[in-house]
Amino acid sequence: MIKTHTIDLNGQTIHIETGRIARQASGSAVVTLGETVVLVTVVSTDQIREGIDFLPLSVEYQEMSYAGGRFPGNYFRRDMGRPGERETLIARLIDRPLRPLFPHNYHYEIQIIASVLSTDKENEADVLAILGASTALGVSDIPFEGPIAAVRVGRMDGTFVANPTITQQEACDINLIVAGNRSAVVMVEGGSNFVSETDMIEAIFYGHEALQPMLEAQLEIQKEVGKPKREIPPDPEDSNLVDQVTETATPLLQGVITTADKQERQKKRDQVFTTVMAPLLETHEDKKMKIQEIIHDLERKMVRKMILEDGRRIDKRSFTEVRPIDCVVGILPRVHGSALFTRGETQAMVLTTLGTAMDEQRIDTIYGNLFLNFIFHYNFPPYSVGEAKRLGGPGRREIGHGALARRALFPVIPQKEAFQYSVRVVSEILESNGSSSMASVCGGSLSLMDAGVPVKDAVAGVAMGLVSDGERTVVLTDIMGDEDHYGDMDFKVAGTRNGITALQMDIKIGGINREVMRKALAQAKEARLFILDKMNEAISQPRGKVSDYAPIILKMQIKPEKIKLLIGPGGKVIREISAKTDSAIDVDDEGNVTISSPDEVTSKLALEMINDILQEAEIGKIYKGKVRKIMDFGAFVEIFPGTDGLIHISQLDHERVNKVTDILHEGDEVMVKVIEVDKNGRIALSRKAALSEIQKDVS
């Protein structure tokens, strides 16, 4: 049965349709805004893979090249290759608000695929894909505690706008994606230009209000065409086993949850598993995974009880206390900028590399080619958590954390016109115990300053947590790994002293209200200012110049009529200079020339070659030229590349000359003196005057 629904939002209409296409999927939906169309399908298997004790959910998002009327940029000209970073980030965006909404004991594999089929290059598909995924799950037989919806919130000239177009986003000082259910916000992702906490809260809850019609539409569609949900058998209760594990493990776990050191805590946890397992497996040999689950759940309850009832954290900090911080800059001699940022047991070494225009990153998208001159990469090697694993390429975690750190730092990066370098920042996580992405932001700010990048201000970030039992709520500052794992919220906030530049929030419970949000942002601001003070002790402003090992970028102005001369026929001249000097040379229509070279020697060589080509004849100066053409009335001589002058026959020699060829032939080298340059730029040369000058110097 085909069902359609329309929603008015920001003067535009969102269309939702289900039941027409992809009918063999468990559920599907087509969402349209303007001429942007997204198809979302969900499928769940009928069999559980053996040994699965988690939710096997996979989310894929793909932007088909034909959607934007483009060919794929790869060699094979095919879509469906490895997803790009943008596609990976949006897949994470879809996954995050959905994942907590499945039953904890649902272990059937679920696959969600969102495909952008058409784009008008103004209305973005990411929030439409979230709406489509929730709709498809709602009409399917998959148990799902939805619906949810998402909206992009922008602010233009002080006014909030729901789902601003790509063009409108350029004028926005806030750009957030807010996901929520009927009662609360469940996810926030976005950035801003130094916006206050109060304005950010208003933006978030404006978004929550704006998405309500999408929830109503989904409920109506589900009521009319939704399939009956699968029955999930409850987990078999074994109260005797639970009691046995609880009795033995509780006193042992008490020592675990009061040990501050991460590695020592893990050793004690392993000992608990060994001690509890050994006798129980003699009578429950097939229930090893169940025993592990009971111990894990017991530890979670104990940690949460310790926080809510005893007012105590694992490492004995107060709820608003930041872990000890240490900042060092300039730690590597040849790197253009470097910093080591340590907060508790989380440590990031962040490196900055300065490059030329040739180093910009080109990204092929359905909207067109995008060029980035500021790149942030995040690496998470296994040794950072004491593991020995195979090193591979970046996964969704690495791409997501890198994008968050870039968003946090981007507002302080100087405009390209003011700072010609391309900038790449890499965060190597050396230790991890919570909030490594925010450590990357702090280290990135320090590293940029150490590299001499004229950033507008220092940026710091902190991760906030939440523990709530419905009646009592505690907001935690600077959460460690276990507090994130056992808590109800991961809320990352980054910014300067003047406001927020990026935030990311994921909620594991039903959502949070305005008051909890206000408290979390207030604590985050207090922590951010504390961290900025610590960072300021290491370096308070960008260095006065870039590293001696950074590329050299020179700028010069030439006359517009000289541009053609510099470029040469078919670009021959400028390519030759670039090849000989290993430099990138760019010239615009106004005659602004930028020379980007790997070092000072090559930059000077490139500059000399350009000056040689573009130099202008000076009256009274002697040049060594080459005869290019013989005429009856004189000879044309090239005094430097691209510039010719005329020696009139009367200026060839002190004696009378009957024929020019009596003195000169094509290809001859001759010393000449510039005696005149007329208003049209024509140059008069004299061999006779040059001879007199040379003889005078010799005598």
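## Helix H1

In H1, the buried residues are Glu87, Thr88, Ile90, Ala91, Arg92, Leu93, Ile94, Asp95, Arg96, Pro97 and Leu98. Buried here means under 20% relative accessible area, exposed means over 50%, and partly exposed lies in between, with a 1.4 Å probe and protein chains only. That makes eleven of the 14 residues of H1 buried, and the helix is mostly covered. Helices (H or I, at least four residues) and strands (E, at least two) are DSSP runs, numbered from the N terminus.

A word on the source: this is a predicted model, in which local features need pLDDT of at least 70 and side-chain atom pairs count only at pLDDT 80 or more, while totals for chains, interfaces and linings use all residues. Residues are numbered from 1 along each chain as its sequence is written, and side-chain values use heavy atoms, with hydrogens and water left out.

## Helix lengths

How far apart are the end C-alpha atoms of helix H1? They are 20 Å apart, which agrees with the 20 Å that the 14 residues (85-98) should span at 1.5 Å a residue. The expected span of a helix is 1.5 Å times one less than its number of residues.

H2 also gives a simple picture: its 14 residues reach 20 Å from the first C-alpha to the last, close to the expected 20 Å. H2 is mostly covered, with 14 of its 14 residues buried.

## Around H2

Several loop residues are worth a look on either side of H2. Lysine 121 is in the loop between strand E6 (110-118) and H2. Its phi is near 65 degrees, a positive value in a residue other than glycine. Lysine 121 counts as partly exposed, at 34% relative accessibility. Asparagine 123 lies in the loop between E6 and H2 too, but asparagine 123 counts as buried at 4% relative accessibility. From the C-alpha atom of asparagine 123 to that of leucine 430, 307 residues apart along the chain, the separation is 40 Å.

In the loop between helix H2 (126-139) and strand E7 (149-156) you will find proline 147. A cis peptide bond joins glycine 146 to proline 147, with omega about 5 degrees.

## Cavities

How many cavities of 30 Å³ or more does the structure hold? There are three. A cavity is a set of points, on a 1 Å grid over the protein atoms alone, where a 1.4 Å probe fits but cannot get out; lining residues have an atom within 4 Å of a point. Grid points are joined across faces, edges and corners, and a volume is the space filled by probe spheres set on the points.

The largest cavity holds about 50 Å³ of space. Its lining is made up of Leu33, Glu122, Asn123, Glu124, Val127, Arg152, Asn163, Pro164 and Thr165. Sorted by class, these are three nonpolar, three polar and three charged residues. Ala, Val, Leu, Ile, Met, Phe, Trp, Tyr, Cys and Pro count as nonpolar, Asp, Glu, Lys and Arg as charged, and the others, Gly among them, as polar.

## Aromatic rings and charges

Rings of Phe, Tyr and Trp (its six-membered ring) pair if their centres lie within 6.5 Å; planes under 30 degrees apart count as stacked, over 60 as edge-to-face and the rest as tilted. The count by this rule comes to seven aromatic pairs. One of them joins tyrosine 106 and tyrosine 108, a tilted pair with 5.2 Å centre to centre and 50 degrees between the planes. Both tyrosine 106 and tyrosine 108 are buried. Phenylalanine 419 and tyrosine 421 also form a tilted pair, because their ring centres are 5.1 Å apart and their planes are at 45 degrees. Phenylalanine 419 is buried, at a relative accessible area of 10%, and tyrosine 421 counts as buried at 10% relative accessibility.

A charge sits over a ring if NZ of Lys or CZ of Arg is within 6 Å of the ring centre and within 35 degrees of the ring normal. Likewise, the charged end of arginine 397 sits over the ring of phenylalanine 380, 3.9 Å from its centre.

Key
1 Å grid on protein atoms, 1.4 Å probe; cavity = no way out; pocket = protein on both sides within 12 Å on 5 of 7 lines; lining within 4 Å.
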